[in-house]
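Let's take a walk through a protein model, from the whole fold down to single residues. Have a look at the sequence and structure first.

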Amino acid sequence: MSPLLPEAAIFYLEEYGAEKYASVFLGEFDNPEIIWNTEMRRHLIERIALHISDFSNRLPSNVKALYQYCPIPTVDYPQLDDELFCHVYYLRHLCNKQRFPDWPIRDPVPFLRACLAAWLNEIDRKPPAMSVEQACQTLGLPFDDESIWSDASKIRRAYFKLAQKYHPDKNADGREMFEQINYAYEMLSSNSARKSLSPDIQRIVLCIQAQSIVYCRHSEELSPYKYAGYTQLIRTIELESKDDALFSSGGGVLLSAAIELCHFTLQSSALNAEQLRRDAGLEVRAFAWNVESIVFWYCLCKAVFRHFKRRSIVAYQW
């Protein structure tokens, strides 16, 4: 089911069973645990129909026609492009304190570990191992004609032809080539596979903010554990503090999130203070607090200036 359904939907199916998931599949949901709606359901049906369209066209004229297996590529949902699913939650919704101020967090310790892992994975993201041009060469499709290598039916035909030739069951020496064929097929068939996999600042911010929420709500439960992310947290503060565009639009969001998390972890346990000292983070934290103070006073002065400017305009008009 993983190529067809979002990760959250698969978890929901496994956790609550088919009957409860059926109500989700046919309904409209938009919360930290599940995002699903009519458009996504229609999109899934269309992708499945497109994938088996060759077989569907042959079946009326030959009821004994056999389906030639070809793995269905991962279904990309545009509604989830800006989402990051971690453990059992969509972090953007979970961190939205206005819409979901008290959404319950189950298993805070495993969730915290998952956030740390997602954070590290985001930072270590790299470009795809194969470019679109290389994928076209692997499948024997012309790279200079996008109408061909973006056509799902042509990609399937090219894949099936080569897969039959290099499948390990038929070609003992074809395993490596077969793996490249599969990768090329997924690359050309899935929009998400073709996207640049460089680190996304917004996703990193969500990972950090989610950890702050966990520590804020479950401080006592987490107090016996040392926080394992100080090294990465310190690195984040250092990099963001040196940013020349700190006062630009949206600047300092990552820094503020990192400092807030540092604050909550230290409040949770004395063990964390010792861990932070060992990671040589106290000087960095003190410097970052100074930077955040500057940001705070800058924003405050800017807001006051706008307020009085607005009053002056109103008085002038009066």
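Is Thr-236 buried or exposed? Thr-236 is buried, because its relative accessible area is 7% and buried means under 20%, with exposed being over 50% and partly exposed in between (1.4 Å probe, protein chains only).

## Before we go on

This is a predicted model, where local features need pLDDT of at least 70 and side-chain atom pairs count only at pLDDT 80 or more, while totals for chains, interfaces and linings use all residues. Residues are numbered from 1 along each chain as its sequence is written, and side-chain values use heavy atoms, with hydrogens and water left out.

## The whole protein

Start with the big picture. The protein has 17 helices and four strands; these are DSSP runs, with helices being H or I of at least four residues and strands being E of at least two, numbered from the N terminus. Of its 318 residues, 40% are buried.

Next, the contacts, meaning heavy atoms within 4.5 Å. Among contacts in the protein with a separation of 6 or more, 68% are between residues 24 or more positions apart. The accessible surface comes to about 18,900 Å², and carbon and sulfur atoms hold 55% of that. Areas like this come from the Shrake-Rupley method with a 1.4 Å probe; for residues, only the protein chains shown count as cover.

## Two helices side by side

Now zoom in on H9 (residues 152–166) and H10 (residues 175–189). H10 has 15 residues and reaches 21 Å from its first C-alpha to its last, close to the 21 Å expected at 1.5 Å a residue. That expected span is 1.5 Å times one less than the number of residues.

How do H9 and H10 cross, and at roughly what angle? Their axes come within 9 Å and cross at roughly 170°, which means H9 is roughly antiparallel to H10. Axes are lines fitted to C-alpha atoms, for helices over the stretch in contact, and angles run from 0 to 180 degrees between N-to-C directions. Under 35 degrees counts as roughly parallel, over 145 as roughly antiparallel, 65 to 115 as roughly perpendicular and the rest as oblique.

## Who meets whom

On the H9 side, the meeting residues are Ile-155, Arg-156, Tyr-159, Leu-162, Ala-163 and Tyr-166. Their partners in H10 are Arg-175, Met-177, Phe-178, Ile-181, Asn-182, Tyr-185, Leu-188 and Ser-189. By class, this contact has 10 nonpolar, two polar and two charged residues. Here Ala, Val, Leu, Ile, Met, Phe, Trp, Tyr, Cys and Pro count as nonpolar, Asp, Glu, Lys and Arg as charged, and the others, Gly among them, as polar.

The buried residues of H10 include Phe-178, Ile-181, Tyr-185 and Leu-188. In H9, the buried ones include Ile-155, Arg-156, Tyr-159, Leu-162 and Ala-163. The cover over the buried residues of H9 includes helix H3 (38–51), helix H4 (53–58), helix H7 (132–139), helix H8 (146–149) and H10. An α-helix has 3.6 residues a turn, so residues three or four places apart point the same way.

Thr-236 sits in helix H14 (residues 230–241). Setting aside residues up to four places away in sequence, Thr-236 touches Trp-119, Ile-208, Leu-254 and Ala-258. Thr-236 and Leu-254 are 18 residues apart in sequence, with 7.8 Å between their C-alpha atoms.

Asn-272 is buried, with a relative accessible area of 0%, and Gln-275 counts as buried at 17%. Beyond neighbours within four places in sequence, Asn-272 contacts Tyr-215, Tyr-225, Lys-226, Tyr-227, Tyr-230, Thr-265 and Leu-266. With residues up to four places away left out, Gln-275 touches Lys-226, Tyr-227 and Tyr-230.

Leu-276 also belongs to H16 and is buried at 1% relative accessibility. Its C-alpha atom is 8.6 Å from that of Leu-266, 10 residues apart along the chain.

## Two loop residues with positive phi

His-87 is not a glycine, yet its phi is positive, at about 65°. You'll find His-87 in the loop between strand E3 (85–86) and strand E4 (89–90), and it is partly exposed at 31% relative accessible area.

Asp-107 has a positive phi as well, near 50°. Asp-107 lies in the loop between helix H5 (91–94) and helix H6 (108–123), and counts as partly exposed at 49% relative accessibility.
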